[in-house]
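Me: Please show me the structure. I would like to go through it with questions about what things are called and on what grounds.

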Amino acid sequence: LAMATTTFPAAYADAGPARNFWRPKNLRQATVDPPSARSFGQGNCGHLVLDERRLRFFLSHARADTSDRYDQAMQTDDCNAEGHIVLKDGRRFKVSIDNWTGWGAVSDERTTQFLFCRACADILEPNFPFRTSDRKPPGR
C-alpha cells in the first residue's frame, strides 16, 4: 500500500474520501492470492497472512478517509497484503491492507479510495482478536 500513491497518477488519489466508490454490503466475492504479506521496507512479514476473514473484517469496519491522512500515518517498514473483491454488479477491485496502522485502500484501474479501520491495527497477525472494542490505537 505504501506504493499506492505513487502507482496511480495524483488525480486518482482523491483529496477527500469518495462516498459512492464501492459499498461493503454489495460484496459478492472476496479472494486472497497469495495470502502472504510483504514489506516495502525492511520489515519482517513472513509470519503475517491475509485470509478472507481478515479481508471481510477490514472491509466491514473501515471508513473512507483522505490520502493525506494515510500519508501521515504510513510506516515505511509496515507489512502489507492484498486481496481482490467482486461486487454484485460485477465490478472488481484490489484491496490492500497495512498491518500496523489499520489503513488500507480499495482501487480499480481508475480510482483509489483510502480506508481507515481503528479496530484493524495488527490485522495480519496470527492472534488478531476480530473485535471492534478494546483495540490499541494504530501505529507503534
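Me: Why is the disulfide of Cys-45 and Cys-79 called left-handed?

Reply: The torsion about its S-S bond is about -85 degrees, so this disulfide is left-handed. The pair links distant parts of the chain, 34 residues apart: Cys-45 is in the loop between strand S2 (38–39) and helix H2 (52–61), and Cys-79 is in strand S4 (residues 79–87). Helices (H or I, at least four residues) and strands (E, at least two) are DSSP runs, numbered from the N terminus.

Me: What kind of model is this, and how are residues numbered?

Reply: This is a predicted model, in which local features need pLDDT of at least 70 and side-chain atom pairs count only at pLDDT 80 or more, while totals for chains, interfaces and linings use all residues. Residues are numbered from 1 along each chain as its sequence is written, and side-chain values use heavy atoms, with hydrogens and water left out.

Me: What makes Cys-45 and Cys-79 a disulfide?

Reply: A disulfide is a pair of cysteine sulfur atoms within 2.5 Å. The sulfur atoms of Cys-45 and Cys-79 are 2.0 Å apart, so the pair meets the rule. Both cysteines are buried, where buried means under 20% relative accessible area, exposed over 50%, and partly exposed in between (1.4 Å probe, protein chains only).

Me: How many disulfides does the rule give?

Reply: The count comes to two. The other one joins Cys-117 to Cys-120, with an S to S distance of 2.1 Å, and both of these cysteines are buried. With the bonded cysteines numbered in sequence order, the pairing is 1-2, 3-4.

Me: Why is the disulfide of Cys-117 and Cys-120 called right-handed?

Reply: The torsion about the S-S bond of Cys-117 and Cys-120 is about 60 degrees, so the disulfide is right-handed.

Me: What makes Lys-88 buried or exposed?

Reply: Its relative accessible area is 55%, which is over 50%, so Lys-88 is exposed. Lys-88 sits in the loop between S4 and S5.

Me: Which residues is Lys-88 in contact with, leaving aside its neighbours within four places in sequence?

Reply: Lys-25, Asn-26, Leu-27 and Arg-28, where contact means heavy atoms within 4.5 Å. The C-alpha atoms of Lys-88 and Leu-27 are separated by 6.0 Å, although the two residues are 61 apart along the chain.

Me: How do you know that Asp-98 has no salt bridge?

Reply: A salt bridge is a side-chain nitrogen of Lys or Arg within 4 Å of a carboxyl oxygen of Asp or Glu. For Asp-98, which is buried, the nearest side chain of opposite charge is Arg-38, 8.3 Å away. Here Lys and Arg count as positive and Asp and Glu as negative; His and the chain ends are not counted. Asp-98 lies in strand S5 (residues 92–98).

Me: What does the side chain of Asp-98 make polar contacts with?

Reply: The side chain of Tyr-70, at 3.0 Å, and the side chain of Asn-80, at 2.9 Å. A polar contact is a pair of N or O atoms within 3.5 Å; within protein, one must be able to donate a hydrogen and the other to accept it, and residues adjacent in sequence count only if both atoms are side-chain atoms.

Me: Which residues of H2 are buried?

Reply: Arg-54, Leu-55, Phe-57, Phe-58 and Leu-59. What covers them includes strand S1 (27–31), S4 and S5.
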